[in-house]
Amino acid sequence: MVGTVTLVGLPNGKAYLGMLCVDPDVQAAGLGRALLAQCDAVAQADLGATAIEMTVIDRRPELIAWYERRGYVRTGETRPFPGAASVDFAMVVLEHALS
């Protein structure tokens, strides 16, 4: 396995994308972009979604920028890091509209 991603339908007409991972040995080969494109197609066709939402840890500005270059935008919302009540970082919410 060289890549994986989770896509879940949400009740608000959106899909949630998480855990996008690509083997570091092949990260520059376009697999991440291909997984995002497939998620767009599945979210629309199979989940009836009009947008995809995701969260990225705020300590990874380069990763947030990577998603922004692929059409994701910051919603302005942050959420607590899962399972950690008293940490000094948060999850930034990003969203990508599907056409």
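Analyst: Partly exposed here lies between two cut-offs: buried means under 20% relative accessible area, and exposed means over 50%. Glu62, at 45% relative accessibility, therefore counts as partly exposed. This is a predicted model. Glu62 forms a salt bridge with Arg60, with the closest N and O atoms 2.4 Å apart. Arg60 has 37% relative accessibility, so Arg60 is partly exposed as well.

The count of salt bridges comes to eight. One of them joins Arg79 and Glu53, whose closest N and O atoms are 3.1 Å apart. This pair links distant parts of the chain. Arg79 sits in strand E4 (residues 73-80), Glu53 in strand E3 (residues 51-57), and 26 residues separate them. Arg79 is partly exposed at 26% relative accessibility. Glu53 is buried, with a relative accessible area of 8%.

Glu68 and Arg74 make another salt bridge, at 2.7 Å from N to O. Glu68 counts as partly exposed, at 31% relative accessibility. Arg74 is partly exposed too, at 48%. Elsewhere, salt bridges that share partners join Lys14, Glu53, Glu77, Arg79 and Glu95 into one network.

Now the setting. The chain has two helices and five strands, in the order β-β-α-β-α-β-β. Its radius of gyration is 14 Å, close to the 13 Å from the globule rule for 99 residues, so the chain is as compact as a globular protein of that length. Of the 99 residues, 30% count as buried. The chain carries 8 positive and 11 negative charges, and their mean positions are 4 Å apart.

Terms used: Residues are numbered from 1 along each chain as its sequence is written. This is a predicted model: local features need pLDDT of at least 70, side-chain atom pairs count only at pLDDT 80 or more; totals for chains, interfaces and linings use all residues. Side-chain values use heavy atoms; hydrogens and water are left out. Helices (H or I, at least four residues) and strands (E, at least two) are DSSP runs, numbered from the N terminus. The radius of gyration is taken over C-alpha atoms; the globule rule is 2.2 Å times the number of residues to the power 0.38. Buried means under 20% relative accessible area, exposed over 50%, partly exposed in between (1.4 Å probe, protein chains only). Lys and Arg count as positive and Asp and Glu as negative; His and the chain ends are not counted. The place of a charge is taken as NZ of Lys, CZ of Arg, CG of Asp or CD of Glu. A salt bridge is a side-chain nitrogen of Lys or Arg within 4 Å of a carboxyl oxygen of Asp or Glu.
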